[in-house]
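Me: I have a protein model to go through. Please take my questions one at a time.

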Amino acid sequence: MAVLVLLSYEKGDQIRKISRSAISAAGKLGTEVHALLVGDHLDGLSQKASQLQGIQKLLVAEHAAYAHMQAEPVADLIASLAGSYEFIVAPANAEGKDILPRLAGLLDVQPISDVVEMIDASTFVRPIYAGSILATVTSKDAKKLLSVRGTTFEAVAETGGNATIEKIENLPASDKQLSVFKELKLSQSDRPELESARVVISGGRGMQSGENFVLLEKIADQLDAAIGASRAAVDAGFVPNDYQVGQTGKIVAPELYVAVALSGAIQHLAGMKDSKIVVAINKDPEAPIFKVSDYGIIGDLFEILPQLEAALKAR
Ligand SMILES: Cc1cc2nc3c(=O)[nH]c(=O)nc-3n(C[C@H](O)[C@H](O)[C@H](O)COP(=O)(O)OP(=O)(O)OC[C@H]3O[C@@H](n4cnc5c(N)ncnc54)[C@H](O)[C@@H]3O)c2cc1C
C-alpha cells in the first residue's frame, strides 16, 4: 500500500521545504508515495506540487472549508482517504501538530510524532526529553501516522517530477464547527524563513531590549540570515513569538547558527543542535552554549557585534 504525505505550503504559492523533506522521508518506507494538497484556490499550487520529485500521484482537495487548514475538516478528509494507505505522513510543523492527533483519534491509532529516522517500515527514531534522548519506537498499528522533522531528511527537489493530478470530487461533509478562524497575522519580513535559512542569528535575554535586536539585523543583512530568539527574549517581548527557536518553538538546522547572549538551556538546544556550525557570543565563559559551539567568543555583545559587522562589511 502507498504512503500519503500531507503537503504544507505558504499562503501564496510556495510548498514548504518541510513538506519536501516529508516526501523524502516517505520514500524511505519503500512504497509508492502520493501527496495530498488541501486548501482553496489551488490551481497554480497544484501544478507546482505535481512537479515535486518523489511523488507518483498528487491528490487535490479544494474547498472553502479547507482555506485555513483547520484540523476538523482536514482530519475528516484524510480519514476518508485513509483506507488506501498504510502510512500517512505529515510535517512536524504547526499544521501537522494540529491535524495528526485528531486524525489519529478518528482512526483509533497511535501517532508517532517528530520522527527523525526511519529504521524500517514499523520502527522509527524520535527525540524525547527535549531531544536529550533518542527513542526507537516500534508500531504494530496496521495504519501508521507519522510526523517528520524537516531538519533530518534531505528535501526532494521542487522540480523534475511529473505526478498525475487527481482532484478529489466527493469531499466528506464536515459539519463540525468546533473552531473558528479569526485572523492570520504574519510577520512581514524580507529575510529567509527561519526554518529553512542557511544562516540563523539568534538573540537571548542578554540582548536587553527589542531595539537592540537591530545589532543582530545588521549582521543578518551581511549574511542573508534569518533572525531567531530564545524563549526568554520572546517572553520579555523583545521579538514576536514566531522567532522562537527550541523545544516549544521552531526547529532549525542551518549551516551556521550564531547564538548571541543566550545561555543554551536544554530547551533551546533542542531546536538548534543539528546546526552544522555553531558560534556563540556570551560574556559568561561558563555558559552551557559554549559546550555545543564550534567557535566561542567570550565578551560583551555590545562590543563584539559592531566589530563583527565592520569585519563582515570589509570583506
Ligand atoms: C517546557 C519548557 C519549554 C521551553 N521551550 C523553550 C524554547 O523553545 N526555546 C528556548 O529558548 N527556551 C525554552 N524554554 C526556556 C529555557 O529553559 C530558558 O529559560 C531560556 O532558553 C533562557 O533564555 P536565554 O538563554 O535567552 O536567557 P538566560 O538563560 O537568562 O541567558 C542569558 C545569557 O545572556 C548572557 N548575556 C547577558 N548580557 C550579555 C552581554 N551584554 N553580552 C553577552 N552575553 C550576555 C548571559 O551570560 C546569559 O548566558 C523552555 C522552558 C520550559 C520549561
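Me: What distance separates the centres of domain 1 and domain 2?

Reply: This is a predicted model, where local features need pLDDT of at least 70, side-chain atom pairs count only at pLDDT 80 or more, and totals for chains, interfaces and linings use all residues. Residues are numbered from 1 along each chain as its sequence is written, and side-chain values use heavy atoms, with hydrogens and water left out. The chain is divided into domain 1 (2-167) and domain 2 (194-313), with bounds from an automatic or database domain assignment. Taken over C-alpha atoms, the centres are separated by 30 Å.

Me: How many residues of domain 2 are in contact with domain 1?

Reply: Contact means heavy atoms within 4.5 Å. Domain 1 brings eight residues, and these meet a number from domain 2 that is nine.

Me: Which three residues supply 63% of the area that domain 1 buries against domain 2?

Reply: Buried area is the accessible area (1.4 Å probe) that two parts lose on being put together, summed over both. Between the domains it is about 720 Å², and carbon and sulfur atoms give 61% of that. On the domain 1 side, more comes from these three than from any other three: Ala130, Arg149 and Thr151.

Me: How many salt bridges are counted between domain 1 and domain 2?

Reply: A salt bridge needs a side-chain nitrogen of Lys or Arg within 4 Å of a carboxyl oxygen of Asp or Glu. Between domain 1 and domain 2 the count is zero.
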